[in-house]
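Colleague: Could you show me how to read the contacts between chains in a model like this?

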Amino acid sequence: MIEKEKLQDYARKLMFEMSDEEYTTLQKEFDIILKQMDLIGKIPNISEVQPMTFPFVTYQQQLREDEEAQEGVLVVSEVLKNVKHEVSNQVKVPKVVE
Amino acid sequence: MDYQHQTIMDLRKQLDDGTCTSEELFQTALDLAKKYQESDNSFVTITPEFKQKKSQSLLNGIPYGLKDNFSTANILTTASSNILKDYIPPYDATVYKKLKQSGAVLVGKTTLDELAMGGTGTTAHTGVVRNPWDEQRLIGGSSAGSAACVARGIVPFAIGSDTGDSIRKPAAFGGIVGFKPTYGRISRYGLFAFASSLDHVGTLTRCVEDAAIVTDVLKGKDPLDMTSLENEDLNYYEHLHDDIKGRKLFYFKETCDLENYSAEDEEVIAVLTKFHELLDRLRKEGFEIEGISFGKDLLNAIYPSYMTISCAEATSNNANLTGIQFGPRGEGSSIEEIMFDARTKGFSELIKRRFILGSYILQKENQERLFLNAGRVRRLIVDRMNKLFETYDGLIMPASGGIAPKFGERSDELSERYLLLENHLALGNFGGFPSITLPMGFLHGMPLGINLTGRIKEDGVVLTMAQKIEDVAGYRGIVAGDQNV
Amino acid sequence: MYKVVIGLEVHCEVKTKTKNFSNSINTYSTVPNEHVSTVDLGLPGILPVPNKEAVRKALKTAMALNCKNPDEVIFDRKNYFYPDLPKGYQITQVTKPCGIQGYLDIFVGEEEKRVYIHQLHLEEDTASLEHFANYSLIDYNRSGIPLMEIVTEPCISSADEAVSFLEALRNIFLYCGVSEARSDKGQMRCDVNISLMKEGDTKLGTKVEMKNINAFTSVRAAIEYEIKRQSEILDQGGTIKQETRRIDEDGKTYSMREKVDAIDYKYFIEPNIPPVKLTPEYLDEIRKEIPVLEFARIKKYQNDFGLSFYDATVLAKDRGIADYFEEVIQEGAEPIDAASWVMTVVLGTLNKLEIPLTELFITPKMLAGVLRLIRQDKISLNHGKKIIYQAIEEKKDPLVIIEENHIEQIKDDQLILQHVQKAIEENPEQVRQYIEEGKDYVKNFFVGKVMQATNRQADPKVTLELIIQELEKRKANEGK
């Protein structure tokens, strides 16, 4: 079974924390899914298959022409609409230490 | 006929001949939404203001519900998560924009499983969604509110999203029609992403005809969604009654043959018996239907590979939820602390568990064994489906092995029944195939659904075949509480 | 002594009208959050749509760096949390970068050096952070601006080589028109990886990383400081820590953080960007747009035109100047003349008037025309220059000026002789000085007189010969 500490480390890297009981549930879940994935690994010649990312590929899609367009473009007030702390039209956060 | 039973075309006629106005329809829908909100909890936000832009569309003046993971400018959009509980988007999803332009009238934003990651309709930050047919039971998810408000008759149609079965499963549990067209047929711009390579936009309606009408409005190339498909010169609504004679369908023998089950699988046997009875009737109407062996290895692989791919993509897709640009700001004295706090408080336990799983799957040392193997098996499954589609026009399957479960009933995720009968709908997402669920009968007073999946881009063919199935099955336009057969 | 091993990671913003994955404008702005779209802000529900021009320019640059191009465009996600990264991932290229396995030939001083390119990929810039005493501010204008990253192999061995490479690379950007590449605007930034190893060792030393250096002079300072610092540590038997350091204004480097465990960026293919095929025809079309580059031109100017290395570098530095220079030759001028005049007259004028080449009135054809008249001895060198300057000032074709003022050189010996004799007769004192006091330089006085009298049209060579001839004649007569 996957160690709790390892899971805690993943949680930390994903920027959240969980309770002890939650980790226990998670350990069990990991067990189930990893066992099932092990079965997939045993499908004959699986390693020779090209992994699929897109449901289908048609090569009909085009890149976007580099022309100015309004769709999706926001004005400053819209950019800041949901921001809780702002100073001079910028988003204010605690000092970021590089 | 009362409002709750009316289809889009019923309402269209009344609007067109002046029997009622769109304001009146909206008011009726609004009253019903409020009336059933406490019992069903279909909505996160009911939009009480009548807003309509008139048009020539068939949807002009028709009320509808929109899943709360579609961006609506100036209307709260929460994805049923605490991390977005105060988020008011500055922009419209393409789907919402199209509905506004068609003159459809928004009644409310519907409840979903938090961030659309769940199949029960029980994980929204505003509480569980109950099945209008039986409030002891769930309706399924994640498009729970969209399914419930249509099953209840509050609106004739609602918009949902479908990553594994999030439209088609709740449609089955709610006795309505859930349609997810080909990947890219409807733009995803403005749909809060769960798993981008599996996410689809689709419709929940009470008849196939309405699914066709709404999809006709929503479909089309969108420059803001590169995966959207080129426009096609085909109106689904007009072709619904095309001849289906000679259309060939297949089902999975492993899943659907009665001899694979023992007597204690009483519910499954009842479902499958109804399924096969319907198939016999469909054969009489001109369909050719056969069982095929798909391969148990591949069928059993659907669920774990779906979990693997969807959790991995979801971890990344939701990394923008940090409370900095939007959402509740976390507390703390450093940037890390405020992000940490916002995410710790903002996500429920289930979501966090899935993110950790997804993150683990994507770790360098695990990618090969987990993420890439899931992608490989996805290809094997899709290739197999496409091979079958060279012979057959569609896959026909029961949407679920049983009726909507009661709250608290847990399914055993490793049982064969769970792996085979409750997860095959994700096939439609793996390959982007158009897939529709519609009612096929009742068991213990609860509706059962049948599912039809076809070739990519052949949405029209799937709808035409579904129309025939609906004609034969005979459950068009039912609403929760109807006396059933 | 230690062997220095340096690898560079160079980021350069690509010049386009719009951002890499959204419709907002790609421009340098001082007004915060002025050019931001839903995509740049990472709002829920957004989808990236890649910019064709950005891809095209990245492919073009990769070709200029002799890289192999992919058969299709694919992007990947690089996942990490940072406040300047609104989506929580950066869209970049790992699976199929725009270019791999290339090289760039450069001059380090006059020595040739080949720098190997590991890869070139297209990605997006982050938002910018401004730091104050106890808070930071985020501006999303820069978020999503197309960015090329060029990663070299660890094959650079000195500060000189590093800076020469950066200058050559910047030159490629400018020659190809893919970026303004201004370090002062942060459009070109560089990460330096440096390690030292003992002569004869085969194993690389511990790598120190220095991030985000804008100015090339700072790159030089940082490398030189690090070589010194690391050498001293190694001399004393110490070990180098694997860490990230930054360079301060004093030219010294300071530790930012020690390397803990490497971040796992959990790369995977961006599912919202379906692959787009790159046909050989399309790639050829781009390749055809690449001009002959600086390095090749320097060699050509030396080998074919016989120019010095210095002159060749001056002329090849700017694509416009180099093209101009080559056109002057095509219009019939001798390469040596063209080089000398472009370097003095043309560059001097551009400097003096502070105008770009495109605003210079004199075309290569005009310049070649004047140079031809000089070669044919029809006008003098000095005259030629004067006419060019006059042409620039009056915006008038120099050949027209020459024609209007009848200033073709007087080569008629008899005509010049008349002027010489007149000058000698009018200035007996100077003649006396020449004959009696042997003041040879007096002949220059007479050249001046003749020039004055002929409006500088007399051929100076002929004039001088005739003056000497006439003076000597008189000297001989005197002695009789």
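**Reading the chain contacts**

Colleague: How many residues does the contact take from chain C and from chain A?

Modeller: A contact means C-beta atoms, placed from the backbone, within 7 Å. Here it takes 39 residues from chain C and 33 residues from chain A. Mind that this is a predicted model, where local features need pLDDT of at least 70, side-chain atom pairs count only at pLDDT 80 or more, and totals for chains, interfaces and linings use all residues. Residues are numbered from 1 along each chain as its sequence is written, while chains are lettered from A and ligands numbered from 1 in the order in which they are written.

Colleague: Which elements give two or more residues to the side of chain C that touches chain A?

Modeller: Helices (H or I, at least four residues) and strands (E, at least two) are DSSP runs, numbered from the N terminus. On chain C, they're strand E2 (36-37), helix H1 (52-64), strand E8 (128-131), strand E9 (135-139) and strand E16 (276-277). E9(C) brings the largest share, 5 residues.

Colleague: In what sense do strand E1 of chain A and E2(C) pair?

Modeller: Pairing takes at least two DSSP bridges between two strands. Strand E1 (residues 73-74) of chain A and E2(C) run antiparallel, over 2 bridges. There, Leu74(A) sits opposite Val36(C) in E2(C).

Colleague: And what does the contact between chains B and A take from each?

Modeller: That one takes 57 residues from chain B and 46 residues from chain A. On the chain B side, H12(B) gives the most, with 11 residues.

Terms used: Two residues are in contact if their C-beta atoms, placed from the backbone, lie within 7 Å.
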